Amino acid sequence: MRHAKALSGFVVVAVYALLTSPALADWPVNGRAVWKSAWDQIELAMVPDIYGGAIVTWSDNRSGNYDIYAQRLNAAGVPQWNVDGVVVCGSTGDQRSPAIVTDDSDGVIIVWVDGRNTGPLGTGIDLDLYAQRLRPDGTPIWAANGLPIKTYPGDQSFPVAVADGYGGAVVAWQDSLSSNWEVYAQRISPLGVIGWGSNIGTPVCTAQGDQKTPKLTADNAGGFIVAWNDIRAGDTYTDIYAQRMALNGSRQWAENGIAVAAEVGKQSSPQVTADDLGALITWLDTRSGGERHVYAQRVSHAGDPLWALNGVRVSPGVDVANAHVPVCDGAGEAIIAYGDFRVVPSVLAGA
């Protein structure tokens, strides 16, 4: 059975697609600037629009602290909103780590980590989550400087988001509401109404130990699958766990998730994407003598592993870099792109 196909030349493939597309032929060779200034623009996130362009969001410290900005680009890469972008949130404190999804009306919903109720981001004191919805022209729809998603005591960080299929969004994050990190989620309607668990959110996993850096996908069957790094009480290294959430926010699998990979060594950095039966989850794994390799597991909507217990190895016998990206091809197979440290033959290196 072919479980996955590793693709080492994914950058070349992407460039080829751009170069051979007539609609994109007038983009500059080295790209088009979305915004340039003497200040930092970091933590980029982007979604396509319905006209062949894209809406981009980022964290920007032009005002002296980090704020959230956004810009719309048409298919030729020309900015469509204010030349310097629109302010999504310019509140006090730092706003960082934006996540963005489409709203099914050619606008977007943007979620970020917000430090307006604390000191500079990184102080570890009461970081919150806020969100804003933008119309197709970049005008904010919800409250000025964003709608509070979670402002409960403790830190909320590393938000990820997906469209809910009804014009809203589902958000997952890591949360220090208790004495350790846990994974929570929340649904936001197109009107900015909180759908799960008021201002606390609904728990995805509250097991003893730390659950961190969640990844999230809609599962093409009305639910949402979350995967995360998990180091439960008594464990030495992180494992990979996952949970399926229903549209009403209820947990569909075991109370604190199912073990996707709980092998010796460290399993970390999960990625998750929907396929026709559930989801494909990939991660980095050091079970083979300390070198990192990419492993993968296919999980059904019922939470059953469809491949070998603890996953199948994707990458060959070399150490793998941190980046790996899975996509499902719609035909029951997957392509997994990753970087590794294999030796380049001298003829290719130009030696």
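These legends describe close-up views of a predicted model. Residues are numbered from 1 along each chain as its sequence is written, and side-chain values use heavy atoms, with hydrogens and water left out. Local features need pLDDT of at least 70 and side-chain atom pairs count only at pLDDT 80 or more, while totals for chains, interfaces and linings use all residues.

**View 1. The largest nonpolar core has 17 residues.** Such a core is a set of buried Ala, Val, Leu, Ile, Met, Phe, Trp, Tyr and Cys residues joined through side-chain atoms within 4.5 Å, where buried means under 20% relative accessible area (1.4 Å probe, protein chains only). I109, A131, W142, I149, V171 and I188 touch the most other members, and the elements giving two or more residues include strand 8 (128-134) and strand 12 (182-188). Strands here are DSSP runs (E, at least two residues), numbered from the N terminus. A second, separate core of 16 residues includes V170, V204, C205 and L216.

**View 2. Strands 18-19-20-21, in that order, form an open antiparallel sheet.** Two strands pair if DSSP finds at least two bridges between them. Strand 18 (267-274) and strand 21 (312-313) each have a single partner strand, so one side of each is left without a neighbour in the sheet. Strand 20 (residues 293-300) pairs with strand 21 over two bridges, and Y295 has R313 as its bridge partner.

**View 3. R244, in strand 16 (residues 239-245), is buried, with a relative accessible area of 13%.** Its side chain makes a polar contact (a pair of N or O atoms within 3.5 Å, one able to donate a hydrogen and the other to accept it) with the side chain of D219, at 2.5 Å.

Note on methods
Buried < 20%, exposed > 50% of the residue type's maximum accessible area, 1.4 Å probe, protein only. Helix = DSSP H or I, 4+ residues; strand = E, 2+ residues; numbered from the N terminus.
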